[in-house]
Amino acid sequence: MLVLACVLCMHAREDNSRANVPFNGLIVDLLGQPIRRVKVYSFDSNYNTSTDRKGQFGLTNVQPNDTLHLVFQHQTYDIPVEGRKSMRIVLGDQYVLQTEESDELENLGYGYVSRRESYSSLKGVSGELIRRMGYVRILDALPGLLPGIVVTTSATGERTVALRGNSSLMCDITPLFIVDGIVVNTLDIVNIQEVESVEIMRDAFIYGVRGANGAILVTTRRGNAK
């Protein structure tokens, strides 16, 4: 049992490290001209990016066995990653002409990912994606999956959570934790296997003064079934 636990922990660490590995891409047409405003995602369509004016895109949740999905002009193109760590894509008229790995793109690191990745503010991050990345606690997953969350750990192991942009030198900046509509003191009480979705609410004034620092809303499978 001890050996099995160690193996599972090792796999979890590997998944966690892969969750933040940059995957850079470039999409051009048959003449080599960049194609802008192509929506790109791998697993969760809510977790997506769009190509910029140079045809560049970046993601951090692409796994070796995933499939990239490109959405452009109401057409969807599915491209198996097949272990590649970057991708230059030539897009023709309603078909993909060529895909190849590029050392130049890979060496850019987070060059294309910065400020390109986004999450739908309405749907948030799915629990399935959190589990797929190997996380076992919600707060461990959120900084890497949802922009705007800062989690710091003190020398004693105590964690502090804040939504970027909400700051105060004198007051507590911890957002509300709400699970299935109920305010809780910590998200560690939530079984990761039961999470349906997680959403950030920056303006949580519907909860009164307590919502001044925003809120992190967790919906579980049980709560979603109500």
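1. Three bridges join strand β13 (residues 176–179) to β14, and the two run antiparallel; strands here are DSSP runs (E, at least two residues), as helices are (H or I, at least four residues), numbered from the N terminus, and two strands pair if DSSP finds at least two bridges between them. Within this pairing, I178 stands opposite V183 in β14.

2. On provenance, this is a predicted model, in which local features need pLDDT of at least 70 and side-chain atom pairs count only at pLDDT 80 or more, whereas totals for chains, interfaces and linings use all residues. Residues are numbered from 1 along each chain as its sequence is written, and side-chain values use heavy atoms, with hydrogens and water left out.

3. The protein chain has five helices and 16 strands. Of its 226 residues, 42% count as buried, where buried means under 20% relative accessible area, exposed over 50%, and partly exposed in between (1.4 Å probe, protein chains only). Among contacts (heavy atoms within 4.5 Å) between residues at least 6 apart in sequence, 57% join residues at least 24 apart.

4. Strands β13 and β14 belong to an open sheet of five strands with mixed pairing, in the order β10-β15-β16-β13-β14. Its edge strands, each pairing on one side only, are β10 (125–126) and β14 (182–184). Helix α4 (residues 138–145) packs on this sheet, touching β10, β15 (195–201) and β16 (215–220), and its direction makes about 60° with that of β15; the axes are lines fitted to C-alpha atoms, for helices over the stretch in contact, and angles run from 0 to 180 degrees between N-to-C directions.

5. An open sheet of four strands, also with mixed pairing, has the order β4-β1-β7-β8. Its edges are β4 (56–59) and β8 (96–100), each of which pairs on one side only, and the twist averages 20° from one strand to the next.

6. In that sheet, strand β1 (residues 23–28) pairs with β7 (residues 86–91) in the parallel sense over five bridges, while four bridges join β1 to β4, with the two running antiparallel.

7. Of the 15 residues that line it, the closest to its centre are V21, F23, V62, R84 and K85, and β1 and α2 (103–106) each supply at least two residues of the lining. On a 1 Å grid over the protein atoms alone, a pocket is an open set of points with protein on both sides within 12 Å along at least five of seven lines, where a 1.4 Å probe fits, and lining residues have an atom within 4 Å of a point; grid points are joined across faces, edges and corners, and a volume is the space filled by probe spheres set on the points.

8. H69 lies in strand β5 (residues 67–72) and counts as buried because its relative accessibility is 18%. The side chain of H69 makes a polar contact with the side chain of D78 (2.7 Å); such a contact is a pair of N or O atoms within 3.5 Å, of which, within protein, one must be able to donate a hydrogen and the other to accept it, and residues adjacent in sequence count only if both atoms are side-chain atoms. Not counting residues up to four places away in sequence, H69 touches K39, V40, Y41, S42, Y77 and D78.
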